[in-house]
Amino acid sequence: MKRTTGRPLGAKTLLTLGASVGALCAGSLSIAHAQVETEGEEVKTLNTVTITATKREQTLQDVPVAVSVVDDSVIEQAQIQDISDLQSVVPSLRVTTLQSSAQTNFVIRGFGNGANNAGIEPSVGVFIDGVYRSRSAAQIADLPNVQRVEVLRGPQSTLFGKNASAGVISVVTQEPQFEFGGSVEGGISNYNGYYLKGDVTGPLTDNLAFSLSAGTNQRDGYVEKVTEGDDLNDRDRTNLRGQLLFTPTENSKFRLIADYSTIDEICCAVTNTTNGATAPLIQALGGQLNDPTDPFSYTSLVNGNPVNEVEDMGISFHADVDFDNFTLTSITAYRENDRFDDSDADYTSLDILYAFNDTQIETFTQELRLASSNPESRFDWLVGAFIFNESITQNGGIRSAGDTRNYIDGLTGTFGTLSGVEAALGIPDGTFYSASTFTDEVGTQDNDAISLFGQLDFYVTDRLTLTGGLNFTQDEKETSYTTVINYPFSAIDFTGTGLEALQPLQFVPQFVDYPNSVEDGESDDEELTWTARAAFDATDNINVYASAATGFKATSWNLSRDSRPFPEDQAAIEAAGLDQPNQTYGTRFADPEESMVYELGIKASFPTFAVNVAIFDQTIENFQSNIFTGTGFVLGNAEEQSTQGIELDATWTPIEPLTLTFAGTFMDPVYDSFENSSVGDLSGEQPSGIHETSISTSATYTKDFDNGMTGFIRADYLYESEVQVVDAAEGDPLADVMREVNTVNGAIGVTFQNGLEARVWGRNIFDDEYYLSAFPGVIQPGTVNAYTNAPATYGISLKKTF
């Protein structure tokens with residue numbers, strides 16, 4: 001591959017939007033335009049895009065990795081407010097919000113996890129200005145002053161360490177400028193929505209610049225609350241960010257960033273796709289359930305307002321110093337994330353069960369790297385180290401309510417059964433499942449990790465480059481989980497009493513606290529990952545590459561009441577007297593994930609047309625699966641999950657004002673081996689939620705007027721083929737919950753010569769309806785709840801740049 005080190009970026013006039021084979025998602029293509037003269041005619045060409053997610057500043061043309069880029073113009077035109085909105089323009093990316101605003105799951109090429117449990121780290125690493133955001137609650141705030149978003153597909157552990165086994169999302173924001181400027185933007189939308197944001201930047205001295213940005217995003221809920229309370233699925237977010245840029249010499253740059261953001265939302269509503277055998281009992285007790293014949297009614301029957309509060313803040317210091325033949329980069333960061341959720345867990349109008357979670361996460365990271373910068377050398381090298389320290393404290397639990405006892409009593413088949421058992425055991429009447437029963441749980445995790453990494457590019461010829469990279473990661477965790485289980489009914493051993501039929505109603509089992517004399521609550525993982533790649537410029541317009549890479553994700557602990565001792569520890573647990581009444585066994589943690597990908601690709605770029613094709617074969621061993629069963633989550637490992645596929649990406653400018661894009665991902669995912677899943681043997685089955693076909697396409701028409709005004713019209717379309725939403729056993733009504741996506745977004749806008757911009761936009765403008773996820777009804781056997789997508793939203797935006 002031709003070298004770019006030491007050359008001005010964008011030196012080529014033939015440009016490429018694809019960075020790795022098949023890699024740019026059509027809708028997200030960063031399209032800038034240049035004018036060149038060809039035989040007396042003015043022809044518009046696609047312009048060069050720069051990325052830094054590979055930890056070097058390179059053009060997409062010269063980076064043989066699978067990466068999609070969404071630039072600031074697409075972010076504005078497509079009305080992308082946060083990372084969750086990116087999936088509309090990046091077909092290989094899926095973002096799913098579950099039971100609260102903070103529980104958002106990122107999936108790339110069908111691989112990803114980590115949303116429902118603070119102990120389960122994500123498989124997709126999210127970095128904002130080079131700083132790792134370790135949990136989804138710290139990732140989903142509105143994006144301020146974004147320059148571009150880079151989505152790297154496939155394992156990226158060589159350069160990013162332990163939690164990038166499926167890919168990386170890298171957000172790059174605008175740094176302070178030495179010329180005074182800024183913008184003010186606001187808009188209104190349906191559901192009484194409005195947003196305001198502004199930024200200002202400029203010099204403080206000749207070598208010190210600043211920037212400040214702030215924003216708020218508000219909207220009423222689009223799910224009507226039938227019972228008393230406010231509508232659900234609203235938007236209430238604020239953010240504040242400040243930066244200083246210090247350039248004491250032309251060879252050094254120092255950047256200080258501080259940010260603060262909040263989320264305070266009433267989220268998240270569910271619908272019913274099936275009402276099970278418990279529905280008549282709920283109705284007999286005066287309760288209501290959502291109608292499964294109208295699952296997209298956007299109504300909610302929960303009691304009270306679900307609470308979703310997130311407070312996220314951090315500070316980071318970035319240093320870049322150029323020496324004669326190398327560049328030193330240091331990124332130091334400290335972050336705090338506080339999250340509180342409290343919600344009705346049964347999703348009916350009966351007062352049965354509530355769940356709450358209060359989690360504090362403190363994270364310190366330090367990255368140090370050296371990168372060569374000698375344009376005369378046949379080698380480019382990069383070496384570095386990454387230190388990660390994180391502390392998690394989680395307080396949570398569940399509590400019964402006024403209707404719990406009657407509901408459980410009804411599930412026995414005969415009202416009065418609970419009173420009869422209490423009388424037989426000499427327990428005061430009304431004890432079992434009273435409104436005062438609860439659990440009080442405290443979980444902690446201290447995580448220390450270090451990664452040492454290096455990569456070498458060897459320029460064999462002007463056109464052929466060989467690349468090799470290694471990463472050694474050590475990850476140590478110390479965890480604990482202690483509980484107070486105030487559910488006396490679950491502490492009774494009914495074995496041999498003739499009342500064994502009551503055992504399924506003991507849905508809050510007693511807990512073995514750890515660490516204890518048998519279980520130390522610790523894990524220590526070490527892994528060496530690698531990358532090997534050959535890249536060849538066949539012509540000035542056509543590049544090909546072949547690569548192989550491995551990925552790694554460390555042990556994940558189940559920080560919840562659903563954690564159980566391993567079966568192999570049963571004898572020791574019993575010998576130590578630690579076993580509880582009705583003791584069950586399962587898993588405390590999931591073993592590390594190890595991924596492998598092989599990729600072949602070709603990318604071609606011409607003045608008005610670019611096309612990229614990639615073929616990949618990706619496998620994850622010990623995929624960390626976390627499945628909800630109706631009374632708790634089961635954390636385990638799928639022995640092997642794989643997908644083979646092809647990614648296609650094309651951009652065409654047939655005439656000067658019109659740009660057409662197309663991107664598609666076509667996959668054949670399978671559980672090669674998952675014998676002991678919580679829903680049975682899934683070996684040979686297609687994993688849930690992974691679409692075999694995902695397509696994103698867009699058309700953008702731009703117009704320059706004689707009076708200096710410019711305008712655009714844009715439309716994009718996302719298609720995802722039908723797929724089962726969650727893993728489920730054959731015959732389970734969960735297996736009938738399917739999803740197919742056909743979403744159209746659009747916008748029209750003008751920019752006046754004085755810097756004023758006006759846009760009219762719509763997302764999901766044809767009201768496409770589909771499910772995000774589904775789960776068994778909480779202590780409602782046979783009932784299936786599901787999360788639905790948002791209905792059509794539309795609005796008007798104004799922006800003034802100065």
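Predicted model: local features only at pLDDT ≥ 70, side-chain atom pairs only at ≥ 80, totals over all residues.
Close-up 1. Because Glu121 belongs to the loop between β7 (104-108) and β8 (124-128) while Lys477 belongs to strand β25, the pair ties together parts that are 356 residues apart in sequence. Lys477 is likewise a buried residue, with 1% relative accessibility.

**Close-up 2. Arg335 and Asp259, a salt bridge between two strands.** The side chains of Arg335 and Asp259 come together in a salt bridge, with a distance of 2.8 Å from N to O. Arg335 sits in strand β21 (residues 326-344) and Asp259 in strand β17 (residues 252-265), so this contact ties together parts that are 76 residues apart in sequence. Both partners, Arg335 and Asp259, are buried.

**Close-up 3. Arg561 and Glu441, a salt bridge between a loop and a strand.** Here the side chains of Arg561 and Glu441 meet at 2.7 Å, N to O, in a salt bridge. Since Arg561 is placed in the loop between β28 (556-557) and α6 (570-575), and Glu441 in strand β24, the pair ties together parts that are 120 residues apart in sequence. Are the two partners buried or partly exposed? Arg561 is partly exposed, with a relative accessible area of 24%, whereas Glu441 counts as buried at 2% relative accessibility.

**Close-up 4. A network of salt bridges.** In this view six residues are to be located, namely Glu76, Glu185, Lys197, Glu757, Arg759 and Lys799, which are linked with one another in a network of salt bridges.

**Close-up 5. The disulfide of Cys267 and Cys268.** The count of disulfides in the model comes to one, and this disulfide joins Cys267 to Cys268, with a distance of 1.8 Å from S to S. The torsion about the S-S bond is about 80 degrees, so the disulfide is right-handed. The peptide bond that leads from Cys267 to Cys268 is cis, with omega near 10 degrees. Cys268 has its place in the loop between β17 and β18 (271-274). Cys267 is buried, with a relative accessible area of 8%, and Cys268 also counts as buried, at 7% relative accessibility.

**Close-up 6. A patch of negative charge on the surface.** Asp446, Asp448, Glu476, Glu478, Asp520, Glu522, Asp524 and Glu526 gather on the surface in a patch of negative charge. At least two residues of this patch are supplied by each of the strands β24 (438-459), β25 (464-486) and β26 (522-537). Which strand gives the most to the negative patch? The answer is β26, with three residues. Glu478, one of the patch residues, is placed in strand β25 and counts as partly exposed, at 47% relative accessibility.

Close-up 7. Most peptide bonds are trans. The bond from Tyr514 to Pro515, however, is cis, with omega near 5 degrees. Pro515 is found in the loop between β25 and β26.

**Close-up 8. Asn233 and Asp767, two residues with a positive phi.** Most residues other than glycine have a negative phi. Asn233, although it is not a glycine, has a positive phi of about 65 degrees, and Asp767, which is not a glycine either, has a positive phi of about 55 degrees. Asn233 lies in the loop between β15 (224-225) and β16, and Asp767 in the loop between β37 (756-763) and β38 (771-776). Asn233 is buried, with a relative accessible area of 8%, whereas Asp767 is partly exposed, with a relative accessible area of 41%.

**Close-up 9. Arg237 and Gly711.** Arg237 is located in strand β16 (residues 235-246) and is buried, its relative accessible area being 7%. Along the chain, Arg237 and Gly711 are 474 residues apart, and their C-alpha atoms are separated by 30 Å.

Methods: Residues numbered from 1 in each chain as written. Heavy atoms only, no water. Disulfide = S-S within 2.5 Å. Buried < 20%, exposed > 50% of the residue type's maximum accessible area, 1.4 Å probe, protein only. Patch = residues over 30% accessible without salt bridge, like charges linked within 9 Å, V, L, I, M, F, W, Y side chains within 5 Å. Areas by Shrake-Rupley, 256 points an atom, 1.4 Å probe, with all protein chains shown as cover. Salt bridge = Lys/Arg side-chain N within 4 Å of Asp/Glu carboxyl O. Lys, Arg positive; Asp, Glu negative; His and termini not counted. Charge placed at Lys NZ, Arg CZ, Asp CG, Glu CD. Helix = DSSP H or I, 4+ residues; strand = E, 2+ residues; numbered from the N terminus.
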